[in-house]
Structure formats: C-alpha cells, structure tokens
Amino acid sequence: MQQEMGSEGSSRIVVPRNFRLLEELERGEKGIGDGTVSYGMDDADDVYMQSWTGTIIGPPNTVHEGRIYQVKLFCGKDYPDKPPSVKFQSRINMSCVDQETGLVDPSLFPMLADWRREHTMEDVLMQLKKDMTAPQNRRLTQPLEGNEDGRVDQKGIVLRCCIL
C-alpha cells in the first residue's frame with residue numbers, strides 16, 4: 001500500500017490495483033443489490049484481471065424492461081486511476097453508446113468523463129442502468145435483441161450464411 005497526502009496534510013491509504021480488483025471480484029461474486037446488475041471476470045486465469053463482463057437487466061417502465069444486456073469492461077494497467085473501457089455486447093440504443101461499435105463514449109457518460117479512483121465497475125453498471133431511465137433514453141426505439149454478431153463492423157457488413 002502506498003500513502004498519499006490528502007487535503008490539509010492528512011494522509012490516506014491508496015489500495016494497490018490488484019487488491020482493489022480482488023475486492024471488486026469478491027463483491028461481484030456475492031451479487032449486488034436487487035440482482036439486476038452483476039459482473040465478474042471473463043477468465044479466472046487472467047492474472048492482470050483486465051477483462052470483465054457485466055450484466056444489466058433493463059429497468060421497469062422503460063423500453064429496456066425485460067431485456068438483458070451484456071457489457072464488457074476492460075480495466076487497463078492504470079485502473080482504478082483511469083476508468084475502464086466499457087462496451088455493450090448486446091445491441092442497445094442509448095445516447096452515450098456508439099450504435100456501430102457498442103462503445104460507451106466517455107464524453108457522453110459523465111461517470112467515465114469525470115472518473116474518480118473511488119468509482120468501481122459496479123458503479124459504472126449501476127449508472128448505465130440508471131441512465132436507461134433518463135428521459136433521453138427511456139423511450140428510444142431499441143434494435144432487435146441480439147449481440148454484437150449483428151453489428152456492422154469497420155470492415156463492412158456482417159454476412160451470415162448457413163449450410164442446409
């Protein structure tokens with residue numbers, strides 16, 4: 001652990017990255033609140049604890065109600081000092097999400113733009129769920145349910161074929 005000087009000369013303890021991520025993992029495994037948001041690591045063998053998947057169940061009384069959204073969170077080496085990158089795997093229409101890539105645009109999602117070390121992946125997921133109820137998002141027409149396989153990527157149109 002390292003110490004930093006806080007306001008007015010007081011010191012505070014800064015929890016190292018891996019300890020912080022272990023705390024988040026433990027909390028994510030226990031379940032959060034009412035169960036409409038959850039998260040965990042993608043690969044238990046990832047010693048750097050970088051790749052995570054979150055799930056958000058759409059809030060009631062919105063176009064998101066009953067939908068289950070998968071969200072990828074990537075915690076780089078500077079997390080928690082820098083925010084994770086956040087990408088919806090599920091297709092969603094929200095004002096802060098790029099429709100082509102599913103990436104949450106930090107400039108349109110204040111929690112990422114104004115990131116503080118105290119914020120957690122749980123906070124990000126809970127804020128995304130809360131933003132689904134915001135006036136600009138609660139009634140937006142949603143794409144057909146599905147994951148990123150149906151997205152158009154930078155290379156062009158996704159083609160699907162099947163063998164009969």
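In helix H1, the residues Arg17, Arg20, Leu21, Glu24, Leu25 and Gly28 are buried, where buried means under 20% relative accessible area, exposed means over 50%, and partly exposed is in between (1.4 Å probe, protein chains only). They all sit on the same side of H1, because they cover an arc of only 140° around the axis, going by the directions from the helix axis to the C-beta atoms. This is a predicted model, so local features need pLDDT of at least 70 and side-chain atom pairs count only at pLDDT 80 or more, while totals for chains, interfaces and linings use all residues. Residues are numbered from 1 along each chain as its sequence is written, and side-chain values use heavy atoms, with hydrogens and water left out.

**Around helix H1**

- Over on the other side of H1, you'll find Glu29 and Lys30 exposed.
- The buried residues of H1 pack against strand S3 (37-41), strand S4 (51-57) and helix H3 (121-132).
- H1 takes in 14 residues (residues 17-30) and should span 20 Å at 1.5 Å a residue, which agrees with its end C-alpha atoms being 20 Å apart; the expected span is 1.5 Å times one less than the number of residues.

**The chain as a whole**

- The chain has three helices and six strands, with helices (H or I, at least four residues) and strands (E, at least two) taken as DSSP runs and numbered from the N terminus.
- Follow the sequence along and the pattern reads β-β-α-β-β-β-β-α-α.
- Of the 164 residues in the chain, 39% are buried.
- Among contacts with a separation of 6 or more, 51% come from residues 24 or more positions apart; a contact means heavy atoms within 4.5 Å.

**Salt bridges**

- Side chains of opposite charge can pair when their charged atoms come close.
- A search of the whole structure turns up seven salt bridges, each being a side-chain nitrogen of Lys or Arg within 4 Å of a carboxyl oxygen of Asp or Glu.
- One of them joins glutamate 26 and lysine 30 (3.3 Å, N to O), which are about one helical turn apart because four residues separate them in H1.
- In that pair, glutamate 26 counts as partly exposed at 45% relative accessibility, and lysine 30 is exposed at 65%.
- Aspartate 81 and arginine 117 also meet through their side chains (2.7 Å, N to O). This pair links distant parts of the chain, 36 residues apart: aspartate 81 is in the loop between strand S5 (68-74) and strand S6 (85-88), and arginine 117 is in the loop between helix H2 (110-113) and H3.
- Arginine 117 is buried, with a relative accessible area of 19%.
- Arginine 116 bridges to glutamate 118, with the closest N and O atoms 3.4 Å apart; arginine 116 is partly exposed at 48%, and glutamate 118 is partly exposed at 48% too.

**Confidence**

- The chain's mean pLDDT is 85, and 82% of its residues reach 70 or more; pLDDT is the predictor's confidence in each residue, from 0 to 100.
- Among the elements of the chain, S6 has the highest mean pLDDT (98) and strand S1 (residues 2-5) the lowest (46).
- Over residues 1-6, pLDDT stays under 50, and the model has 16 contacts beyond four places in sequence there.
- Residues 150-161 also stay under 50, with 19 such contacts beyond four places in sequence.
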